[in-house]
Amino acid sequence: MEQQTIPMGQVTYELRRVFLGTRPLSELMAERLAQNLPAPQPVDGGGSHGV
C-alpha cells in the first residue's frame, strides 16, 4: 500500500493506493510511466521525402 498526503490551500487530500500481485511497486510505476509517454516525433518533419 502507498499513502500520500497532498495539501492544497485549505484542503488536504489523503491518497491511498493498494497494489495486488507479486510485481514490485517500482516495476508497476515504470510500466505506468511508459504507457503515458508521447509517441516520438520525427526531427525533420516526417514524411518520406527524398532530397
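Which strand gives the largest share of the nonpolar patch? Strand β2, residues 11–17, does, with 3 residues.

## About the model

This is a predicted model, in which local features need pLDDT of at least 70 and side-chain atom pairs count only at pLDDT 80 or more, while totals for chains, interfaces and linings use all residues. Residues are numbered from 1 along each chain as its sequence is written, and side-chain values use heavy atoms, with hydrogens and water left out.

Let's start with the strands, which are DSSP runs of E of at least two residues, numbered from the N terminus. Strand β1 covers residues 2–8 and runs antiparallel to β2, with 7 bridges joining them. Two strands count as paired if DSSP finds at least two bridges between them.

## The nonpolar patch

Now back to the patch on the surface: its members are Met 8, Val 11, Tyr 13 and Leu 15, and together they have about 360 Å² of accessible area. Patch residues have over 30% relative accessible area and no salt bridge; nonpolar side chains (Val, Leu, Ile, Met, Phe, Trp, Tyr) are joined within 5 Å, and like charges within 9 Å. The areas come from the Shrake-Rupley method with a 1.4 Å probe, and for residues only the protein chains shown count as cover.

Leu 15 lies in strand β2. Leu 15 counts as partly exposed because its relative accessibility is 32%; on this scale buried is under 20%, exposed is over 50%, and partly exposed is in between (1.4 Å probe, protein chains only). As a general point, side chains in a regular strand alternate between the two faces of the sheet.

## Salt bridges

The structure has 3 salt bridges, each defined as a side-chain nitrogen of Lys or Arg within 4 Å of a carboxyl oxygen of Asp or Glu. One of them joins Arg 16 to Glu 14, with the closest N and O atoms 3.8 Å apart. Arg 16 is exposed, at 54% relative accessibility, and Glu 14 is exposed at 54% too.

From N to O, Arg 23 is 2.8 Å from Glu 27 and 2.3 Å from Glu 31. Arg 23 is partly exposed at 37%, as are Glu 27 at 36% and Glu 31 at 37%.

Key: Helices (H or I, at least four residues) and strands (E, at least two) are DSSP runs, numbered from the N terminus.
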